[in-house]
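Hello,

Here is the structure I promised to hand over. Please open it first, then read my notes below.

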Amino acid sequence: VSLLITTIMISAKPSATANIQKFVPPAVETQVVIPQQYQVKVQSQGTVKPRTEIQLMPEITGKIFKVSPKLQNGAKFEKGDPLIYLEKRDFELSLITAESSLSQAKVNYEREKAESALAAREWEKINGGKASDLTLRKPQLSQAKATLAAAQAVYEQAERNLARTIIKAPFKGRVRQKMVDIGMVVSPGLAIAQIYATDYVEISLPIAEQDLVFLGIPLDGSTIDKKSQPYVKLFTEFGGEVLSWEGTIVRSSAEIDSRTRMLSVIAQVSDPYQQTLNTLPLKVGIFVKASINGLSYNDIVKIPRYTVRENKVWVVSKEGILDQKQIQILRYEDDYALVSGGLEISDSVLLTRLSVLVKGMKLKQN
């Protein structure tokens, strides 16, 4: 009976079926390789400075009797605006004296001319030979001519001094600091105000050595031709807003900074106080960031920076096969790498970070 039961159980046992696991390729995200023209952007930063800043000084000694409202700290003025008025009566008297001396010198010169001509005619009537200079009154005429020239110089100097009693703005600008007021006696060498020009401002932008080649500008400090000046966009955050201005790169510095080992380029913005795109003009002293348009390159592929390892990237073919390729990097910009060679249009750069990457493995592209 036991043998019978055992035989029945063995013959009735279920048969084992093979369970074959089907491979499912991992789903990954990729970026299609599309070569395009790309213009390099070089980043920098700097502080806005006036193109000209001077100490305004008088050319004569005098007492201030009037100060223009435009000569106040922070005030603006136009070129030629009167800023300081000095008492001018003493200079008017000097001009009158100089005018009298000039008139007397003119009369004396004309008299000597007439007497010299008369002496020459009389000598011809008497002798007709060669006369000495003293006989012809040439020394007296030369002296009268020199006296006239000196009188004219004194008169011109008196005129100039009278005009200098009104101290005018040498350029369009603003007042940084006023140093004098009514009643003060000023003289040459004594500063009356610190002023700076506002027709345009300049920003010194340090550039790393590896980025200079992408600007395509002369590095000898010469002024760049206006048509070739690179465009630069300046921006800063002020009061919770991002403000921006436009300018150009006009030249490079003549020497490398010994501390940073970087060469600076000079950006220029015209009429910074007339900007209408922003609520705030580009004031002197503002710290700004800059984005400079560099050279343009063809057939550039822009990919995320993290996908590059030792100048190699993982790519997925149209058939979904994983491969690794050596690439040529033009440069890195922020979180991106600019690839100039090594990739083909049929490739797709792998963006998904997988724990295991093996050449030839099958992947599914989303």
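Valine 1 counts as exposed, because its relative accessibility is 81% and exposed means over 50%. Keep in mind that this is a predicted model. Valine 1 sits in the segment before helix H1 (2-11). Together with Ile5 and Met9, Val1 forms a nonpolar patch on the surface. The accessible area of Val1, Ile5 and Met9 together is about 360 Å².

Helix H2 covers residues 89-126, which is 38 residues. From first C-alpha to last, H2 reaches 56 Å. That is close to the 56 Å expected at 1.5 Å a residue. The buried residues of H2 are Phe91, Leu95, Ala98, Leu102, Ala105, Tyr109, Glu112, Ser116 and Ala119. An α-helix has 3.6 residues a turn, so residues three or four places apart point the same way. What covers the buried residues of H2 includes H3.

Alanine 149 belongs to that helix, H3 (residues 138-163).

Now the cores. The largest nonpolar core has 27 residues. Leu205, Leu234, Ile249 and Ile292 have the most contacts inside it. Six strands each supply at least two residues of this core: E3 (36-50), E12 (200-207), E13 (231-238), E14, E15 and E16.

What does isoleucine 292 contact, leaving aside neighbours within four places in sequence? The list is Val40, Lys41, Val42, Leu205, Ile207, Leu215, Pro230, Tyr231, Val232, Ile249 and Val265.

Two residues stand out for their backbone. Most residues other than glycine have a negative phi. Arginine 261 has a positive phi of about 60 degrees, although it is not a glycine. Arginine 261 is in the loop between strand E14 (241-252) and strand E15 (263-270). Arginine 261 is exposed, at 56% relative accessible area. Asparagine 311 also has a positive phi of about 60 degrees and is not a glycine. Its loop runs between strand E16 (287-304) and strand E17 (312-316). Asparagine 311 is partly exposed, at 35%.

Is alanine 337 buried or exposed? Alanine 337 is buried, because its relative accessible area is 0% and buried means under 20%. Alanine 337 lies in strand E20 (residues 336-341). Beyond neighbours within four places in sequence, alanine 337 is in contact with Val301, Lys302, Ile303, Pro304, Arg305, Val308, Ile329, Arg331 and Tyr332. Glutamate 246 is 91 residues from alanine 337 along the chain, and their C-alpha atoms are separated by 26 Å.

Last, aspartate 181. Aspartate 181 is in the loop between strand E9 (173-178) and strand E10 (185-186). Aspartate 181 is partly exposed, with a relative accessible area of 38%. Not counting residues up to four places away in sequence, aspartate 181 touches Ile64 and Val67. Proline 35 is 146 residues from aspartate 181 in sequence. In space, aspartate 181 and proline 35 are 67 Å apart, C-alpha to C-alpha.

Best wishes

Key
Residues numbered from 1 in each chain as written. Predicted model: local features only at pLDDT ≥ 70, side-chain atom pairs only at ≥ 80, totals over all residues. Heavy atoms only, no water. Patch = residues over 30% accessible without salt bridge, like charges linked within 9 Å, V, L, I, M, F, W, Y side chains within 5 Å. Areas by Shrake-Rupley, 256 points an atom, 1.4 Å probe, with all protein chains shown as cover. Salt bridge = Lys/Arg side-chain N within 4 Å of Asp/Glu carboxyl O. Helix = DSSP H or I, 4+ residues; strand = E, 2+ residues; numbered from the N terminus. Buried < 20%, exposed > 50% of the residue type's maximum accessible area, 1.4 Å probe, protein only. Core = buried A, V, L, I, M, F, W, Y, C linked by side-chain atoms within 4.5 Å. Contact = heavy atoms within 4.5 Å. Expected span 1.5 Å × (residues − 1).
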